[in-house]
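Colleague: Could you take me through one part of this model slowly, with the charged side chains and their partners as the subject?

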Amino acid sequence: MRIRDIETIRAGRYIFVRIHTDEGITGIGEAGAWSYPDATVGAIDKFASNLIGQDPMPIEHHWQTMYRSSYFRGAVIMSAISAIDIALWDIKGKTLGAPVYELLGGKCRDRVRSYAPVFKFEAKEMAERCRQLKEKGFTAARLMITDSLQDSRCPMEDSIYFNRVNRSIEKVRLCRQAVGNDFDLCLEVHRSMNPAEALAFAKGVEKFHPLFIEDPIPPDNYKAMVDFAEKTSVPVATGERFINIQEFELLLSQGHISYARPDLCASGGITACKKIATIAESHYVNIAPHNPLGPISTAACLQLDACVPNFGIQEFPSFYEKGTDGEMMVDPFEVDKGCLVIPDAPGIGVELIPDLAEKFPVNEGRQKFMVLTAFDGSVKDI
């Protein structure tokens with residue numbers, strides 16, 4: 001078997017890769033650097049020029065070639081590698097007639113617990129949405145603690161320390177009150193606080209026992225994140241912006257982090273994220289894979305979740321809540337009481353509809369250059 005062609009498909013907000021072989025078996029992957037679609041497609045095309053004509057089966061060798069053969073690395077390069085890697089695993093599973101999880105050691109579970117997104121930003125609306133999710137069978141939800149993503153310019157109130165911290169605590173208090181004790185709250189701070197604000201917020205919500213606080217500060221400085229985690233009893237989750245296994249090792253080796261958040265479409269695909277899960281396991285850390293993208297990202301996450309012993313919880317695909325993107329798939333995911341059931345079909349277990357690009361025109365919303373600013377015009381982290 002040889003790789004005959006590698007095509008990129010832009011549909012909706014997503015970038016997919018389809019690898020064709022000369023035996024008619026195809027594999028599908030998804031890339032993670034959504035803000036840089038043209039650059040990502042360019043990186044995929046660059047790798048394709050080397051892969052076409054080769055045997056798709058030696059995935060580790062292909063991964064090492066893509067990662068180590070060129071001088072430059074970075075998010076766009078890793079997103080391209082991730083998409084190709086997932087597609088190669090899909091081909092390997094289909095060729096051998098087995099789900100990818102079987103090739104990685106076999107099932108540890110047949111379904112994965114997930115937390116659903118709460119796309120509300122006012123405390124009372126957030127609490128009501130949490131209550132609705134609990135009624136639907138979910139046992140956990142993600143709260144967007146920062147409301148800065150609603151607009152590109154933050155209000156003056158967002159810069160007032162007391163107001164910022166206490167408004168954030170109030171969101172958690174009302175949500176806990178709405179759902180009771182038998183429901184987990186995942187606090188997504190989205191890197192929007194400085195260490196002082198984040199610590200005050202964490203101290204304020206400790207009594208509500210959230211499952212974790214995610215990226216309370218920008219994750220670039222590992223020591224600052226570890227220092228923060230050491231000062232609070234709230235479990236800390238981070239890693240969604242990391243792009244290689246070494247970043248996870250550097251962070252986790254310092255202790256105090258409770259959940260690693262690898263993104264399968266940005267940090268190297270299934271090949272790299274299985275290694276990241278093993279690194280996390282050696283530090284008694286669970287994984288909670290980042291999953292802000294489309295159905296192929298979710299399918300890849302589920303294959304990894306199925307076969308690692310230190311799986312914690314899975315981010316529920318936000319496209320299920322935002323509209324019709326679920327119709328990109330031939331068959332939808334099975335959801336049972338807030339859990340995603342592991343697909344058992346060969347490969348990653350799902351297929352995209354044939355006329356995907358025609359039915360889902362490119363959505364430029366997440367591709368535009370966007371700057372988040374404070375009330376005074378200074379740039380804030382997004």
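Modeller: A salt bridge here is a side-chain nitrogen of Lys or Arg within 4 Å of a carboxyl oxygen of Asp or Glu, and the structure holds 21 of them. This is a predicted model, in which local features need pLDDT of at least 70 and side-chain atom pairs count only at pLDDT 80 or more, while totals for chains, interfaces and linings use all residues. Residues are numbered from 1 along each chain as its sequence is written, and side-chain values use heavy atoms, with hydrogens and water left out.

Arg261 forms a salt bridge with Glu214, the closest N and O atoms being 2.9 Å apart. Arg261 lies in the loop between strand E9 (259–260) and helix H10 (269–282) and Glu214 in strand E7, so the pair ties together parts that are 47 residues apart in sequence; helices (H or I, at least four residues) and strands (E, at least two) are DSSP runs, numbered from the N terminus. Arg261 counts as buried at 0% relative accessibility, and Glu214 counts as buried at 1%, where buried means under 20% relative accessible area, exposed over 50% and partly exposed in between (1.4 Å probe, protein chains only).

Arg261 also forms a salt bridge with Glu240, the closest N and O atoms being 3.7 Å apart. That pair links distant parts of the chain, with Glu240 in the loop between strand E8 (236–238) and helix H9 (245–252), 21 residues from Arg261. Salt bridges that share partners join Arg142, Arg191, Glu214, Asp215, Glu240, Arg261 and Glu315 into one network. Within this group, Arg191 counts as buried at 4% relative accessibility, and Glu240 at 10%.
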